[in-house]
Structures are given as structure tokens and as C-alpha cells.
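Here is a short briefing on one chain. Please keep the sequence and the 3D view open while reading.

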Amino acid sequence: MAATPVPMCANCQYVMPSITSATGLRCGHKYFISPAWFRKLQRMQHYPEIKPDNACEAWQLHTPDPAEPGLDP
């Protein structure tokens, strides 16, 4: 039986790395819920800074794409 992941921003599918954030992370929920054809990346200051161990009601577990480099087949 697999352990249930703890909801945290660090393992959320909406997290975005950011060098302009004090924590190194920003929430991309608004960006990722838009249809792909409608998405336009704005300046990172438009996305809220988040702490790795926080979570919100929009949290979704990040499941890596099998096509991502570095993953074993």
C-alpha cells in the first residue's frame, strides 16, 4: 500500500521555479488552469511567492511525465 503524499507546494503540479522569489517557488495555478492555446506567461511578479511546505485548496500532486529526461522506463 502506497503512502498518501502530504499536500505541499513543493510537490504540487502548479509550482513554478523562480529566481526572483525569496523561496525559489511561485504558484502557477492561474497559468496552468488556462487552456494551452490561451496561456501567456506573465512576469513572475504576477504569480504569488509560495513556501515549499505550504499548500492550498488547489493543490494537485505532481505526477512526472514519463517522457521527461532522467526517468527510468
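In which helix is His29 found? His29 sits in helix α1, which covers residues 29-33. The model is a predicted one. The chain has one helix and two strands, and from the N terminus on their order is β-β-α.

**Confidence and overall make-up**

- The mean pLDDT of the chain is 85, and 85% of the residues score at least 70.
- Confidence is highest in β2, at 95, and lowest in α1, at a mean of 91.
- The chain has 73 residues, of which 21% count as buried.
- Its accessible surface is about 5,900 Å². Carbon and sulfur atoms hold 59% of that surface.
- Take the contacts between residues at least 6 apart in sequence: 52% of them join residues at least 24 apart.

- His29 is partly exposed, because its relative accessible area of 23% lies between the limits of 20% and 50%.
- Beyond its neighbours within four places in sequence, His29 contacts Tyr14 and Ala58.
- Cys12 lies 17 residues from His29 along the chain. The C-alpha atoms of the two are 9.6 Å apart.

**Arg26 in strand β2**

- Arg26 belongs to strand β2, residues 25-27.
- Is Arg26 buried or exposed? Arg26 counts as buried, because its relative accessibility is 6% and the cut-off is under 20%.
- The Arg26 side chain reaches the backbone oxygen of Tyr47 at 2.7 Å.
- Leaving out neighbours within four places in sequence, the contacts of Arg26 include Tyr14, Val15, Met16, Ser18, Thr20 and Ser21.
- Met44, Gln45, Tyr47, Pro48, Glu49 and Ile50 are also among the residues in contact with Arg26.

**Cysteines**

- How many disulfides does the structure hold? The count is zero.
- Cys12 is in no disulfide. Its nearest cysteine sulfur belongs to Cys27, 6.4 Å away.
- Cys27 is in no disulfide either. For Cys27, the nearest cysteine sulfur is that of Cys56, at 5.5 Å.
- Both distances can be set against the disulfide cut-off, which is within 2.5 Å.
- Cys12 is buried, with a relative accessible area of 10%.

**Aromatic rings**

- The structure holds three aromatic pairs.
- A ring pair is described by the distance of the centres and the angle of the planes.
- Tyr14 is buried, at a relative accessible area of 11%. Phe32 is partly exposed, at 29%.
- Trp37 and Phe38 form an edge-to-face pair, because their planes are at 70 degrees and the limit is over 60. Their ring centres lie 5.6 Å apart.
- Trp37 counts as exposed at 72% relative accessibility, and Phe38 counts as exposed at 56%.
- Ring pairs join Tyr14, Tyr31 and Phe32 into a cluster.

**Where the topics meet**

Key:
Residues are numbered from 1 along each chain as its sequence is written. This is a predicted model: local features need pLDDT of at least 70, side-chain atom pairs count only at pLDDT 80 or more; totals for chains, interfaces and linings use all residues. Side-chain values use heavy atoms; hydrogens and water are left out. Helices (H or I, at least four residues) and strands (E, at least two) are DSSP runs, numbered from the N terminus. Buried means under 20% relative accessible area, exposed over 50%, partly exposed in between (1.4 Å probe, protein chains only). A polar contact is a pair of N or O atoms within 3.5 Å; within protein, one must be able to donate a hydrogen and the other to accept it, and residues adjacent in sequence count only if both atoms are side-chain atoms. Contact means heavy atoms within 4.5 Å. Accessible areas come from the Shrake-Rupley method with a 1.4 Å probe; for residues, only the protein chains shown count as cover. pLDDT is the predictor's confidence in each residue, from 0 to 100. Rings of Phe, Tyr and Trp (its six-membered ring) pair if their centres lie within 6.5 Å; planes under 30 degrees apart count as stacked, over 60 as edge-to-face and the rest as tilted.
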